[in-house]
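Here are some notes to read alongside the model. Take them in any order you like, with the structure open beside you.

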Amino acid sequence: MTTHTEIAAPRRAKWQLKLPLLIWFSIAWLALMLLIAVTGDLWQPYEYQAIDLHARLQPPVWLEGGSWSHIFGTDHLGRDVLSRLVTSIQVSLLVALVGTLIGAVMGTLIGLIAAHFRGWVDDLVMIAIDYQAAIPFMILALAVVAFFSNSLLLFILLMGIYGWERYARITRGLALSSIQHGYAVAVRTLGASPWRIYGRHILPNIANALIVNMTLNFPQTIMLETSLSFLGLGIQPPMTSLGNMVGFGRDYLLTAWWLASLPALVIFFTTLAFALLGDWVRDRLDPTSR
Amino acid sequence: MIPKSNSPTAQAPLLQVSDLRCAFKSSKRKGFFGPHHLIHAVNGVSFEVNAGEAFGLVGESGCGKSTTAKLILNMAHASGGSVLYRGQELVGLSHQAWKPLRRRLQYVFQDPLGALDPRMTVLDQVIEPLTIHQLHDRNQQRQLATQLLHSVGLQDHQLRKYPHELSGGQRQRVVLARALILEPELLICDEPISALDVSIQAQIINLLQELRRAMGLTLLFISHDLSVVRHLCERVAVMYLGQIVEMGPAKQLFNEPRHPYTQALISAIPKADPGQRSERIPLMGEPPSPAAPPAGCRFNPRCALATERCRNEVPTLVQSGDNHAVACFEAKIPVTEVA
């Protein structure tokens with residue numbers, strides 16, 4: 001009987017679906033982050049680099065000694081933590097988003113090229129993938145940053161390179177198996193060009209795996225950015241980023257814990273929200289799992 | 001009976017396949033560094049399909065009938081021979097040159113679920129061929145596709161569904177509609193019903209016949225199901241291990257099969273009348289591997305009539321006066337009654 005009622009239940013329209021609570025949280029959090037990143041410049045209470053040595057290491061407002069003039073307190077140079085946090089979110093999101101996008105587009109394209117041309121092109125791509133996978137990325141990043149002095153653009157490109165090999169490998173494997181699939185062959189016998197076959201048929205059909213990989217990759221990119229900045233090799237002061245803030249706040253963990261904890265919390269929730277949302281989006285995108 | 005097409009070019013064959021060959025490289029080699037073994041999946045197949053007729057290609061699985069279809073449509077690489085379509089050579093044509101021909105020759109797949117993109121609605125998939133060939137504007141395309149889907153028996157509420165939401169028979173109707181929307185002249189059906197339930201098979205076959213009549217289609221129908229071919233086709237070719245062993249008008253071929261292989265196949269068709277049991281001619285053993293075909297006639301290890309000559313010489317397809325051709329040395333000798 002239960003199966004019968006299931007079949008009879010009318011299909012809900014796309015956005016009428018009840019979202020799981022965690023997804024609501026994720027969407028809300030990411031929307032908040034995006035809002036902060038976009039509008040932050042308008043309402044930042046202070047310049048993020050403005051130093052006020054009279055107000056060093058002030059605690060946040062809800063702690064003893066805190067004041068409304070610095071809601072999240074100040075750091076060791078008396079800079080407003082809220083203002084710095086806003087700028088850090090802007091920088092870190094920009095680096096992670098653009099970096100992930102570059103990696104995804106580049107990796108997918110390389111994977112498709114390998115799958116389409118096969119032969120020596122494929123061999124070459126596979127060798128490159130294996131090389132990339134065998135080199136610890138942190139070391140590569142250190143080398144690149146050491147050779148070419150650090151700039152935001154270079155850093156974003158570096159983040160873009162991170163993880164391309166996974167996209168390429170996934171895309172190549174899935175494209176190879178789908179090109180033999182009935183629907184790809186069918187579209188080919190209809191006279192479709194390779195562009196149409198890959199763009200309209202194969203890519204949408206393998207997008208699931210790529211989106212999942214992207215949602216795994218995005219938090220990792222944030223983490224990588226954070227780690228490099230923490231080590232002092234990423235975003236350079238006076239510019240600030242989440243990792244950079246955690247790195248400098250580390251020295252004051254015992255006396256001024258909010259310096260490291262607040263950006264760390266932002267990192268934690270952002271990566272978690274993105275991972276949860278990605279998983280959910282994947283389920284929604286697949287018509288066969290509805 | 002299906003009326004013959006009244007096209008004036010009925011004399012010249014629409015499709016002329018001659019000495020078509022296809023060899024695959026096997027992964028096995030001769031010796032350690034030697035050349036790869038070649039597997040001759042299709043080995044010198046010749047036949048003609050006339051405009052308006054339904055031509056059946058039958059044989060057991062692995063005999064090369066699907067490969068033949070793929071060779072015709074340039075989905076596999078032919079290692080020799082020629083395919084003429086209205087006098088135009090198809091073997092070795094470039095992708096560009098093929099594109100206009102794709103409208104004329106269409107292919108219906110064995111597995112309808114696999115042949116449809118799981119992420120596109122049925123209507124969009126039927127529209128797609130029109131988009132590929134840049135025919136009509138968006139509204140007209142939608143209209144045409146809807147009409148055609150109705151005429152193959154789908155209802156309005158099913159047009160927005162995804163392939164996995166339809167039944168097997170409905171999917172095959174969609175595949176048919178997708179092939180027919182370009183108004184092809186020749187429809188190559190590769191085992192179009194073997195993935196379907198028996199009750200659905202009959203529906204699809206009847207639909208095919210109706211569409212044939214309505215659109216003046218020429219059919220190349222590939223199947224291992226002899227009773228369907230007998231029902232649908234006017235001429236039939238029987239394939240065994242990459243070669244045609246017998247070819248002729250369907251009625252004649254089914255009533256008086258001449259090749260021992262055909263005789264065995266036909267004796268295996270179940271009869272509807274339980275009183276009229278026929279004596280089955282059992283075939284011994286498996287079909288030999290096309291990688292190592294037997295010397296002489298390829299059928300000789302399984303043939304009851306095989307002689308010394310059959311083991312040494314290769315019989316060729318010899319046509320007799322009544323358009324009935326057979327590749328067998330012993331064919332003229334009347335054998336034990338079949339039916």
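**Notes on the two chains**

1. Helices (H or I, at least four residues) and strands (E, at least two) are DSSP runs, numbered from the N terminus. Contact here means heavy atoms within 4.5 Å. Axes are lines fitted to C-alpha atoms, for helices over the stretch in contact, and angles run from 0 to 180 degrees between N-to-C directions.

2. Before going further, please keep in mind that this is a predicted model, in which local features need pLDDT of at least 70, side-chain atom pairs count only at pLDDT 80 or more, and totals for chains, interfaces and linings use all residues. Residues are numbered from 1 along each chain as its sequence is written, chains are lettered from A and ligands numbered from 1 in the order in which they are written, and side-chain values use heavy atoms, with hydrogens and water left out.

3. Two strands count as paired if DSSP finds at least two bridges between them. Strand β4 (residues 80–85) of chain B is joined to β5(B) by two bridges, and these strands run antiparallel; B:L84 stands opposite B:E89 there.

4. One residue of β2 in chain B deserves a look: B:N43. Is B:N43 buried or exposed? B:N43 is buried, with a relative accessible area of 12%; buried means under 20% relative accessible area, exposed over 50% and partly exposed in between (1.4 Å probe, protein chains only). Its side chain makes a polar contact with the side chain of B:R21 at 2.5 Å. A polar contact is a pair of N or O atoms within 3.5 Å; within protein, one must be able to donate a hydrogen and the other to accept it, and residues adjacent in sequence count only if both atoms are side-chain atoms. Not counting residues up to four places away in sequence, B:N43 touches B:L20, B:R21, B:G242, B:Q243 and B:R298.

5. Chain B also has an open sheet of eight strands, in the order β6-β7-β8-β3-β9-β10-β12-β11, with mixed pairing. The edge strands β6 (105–108) and β11 (318–319) of chain B pair on one side only. Helix α10 (residues 260–267) of chain B packs on this sheet, touching β9 and β10 (243–249), and its direction makes about 105 degrees with that of β9(B).

6. Within that sheet, which residues cover the two faces of β8(B)? B:T218, B:L220 and B:I222 lie on one side and B:L219, B:F221 and B:S223 on the other, all buried. Because six of the six residues of strand β8 (residues 218–223) of chain B are buried, the strand is largely enclosed by the rest of the structure. Five bridges link β8(B) in the parallel sense to strand β3 (residues 54–58) of chain B, and five parallel bridges link β8(B) to strand β7 (residues 186–190) of chain B. B:F221 is the bridge partner of B:G56 and also stands opposite B:C189.

7. Turning to the interface, 23 residues of chain B are in contact with 24 residues of chain A. The area buried between them is about 2,000 Å², of which carbon and sulfur atoms give 57%; buried area is the accessible area (1.4 Å probe) that two parts lose on being put together, summed over both. In chain B, B:R119, B:E128 and B:I132 lose the most area to chain A, together 29% of what that side buries. B:E128 also meets A:R196 in a salt bridge through their side chains (2.6 Å, N to O), where a salt bridge is a side-chain nitrogen of Lys or Arg within 4 Å of a carboxyl oxygen of Asp or Glu.

8. In chain A, helix α6 (residues 152–161) has A:F155, A:I156, A:L158, A:M159 and A:G160 buried. These pack against α3 (81–117), α5 (137–147), α7 (164–179) and α9 (194–230) of chain A.
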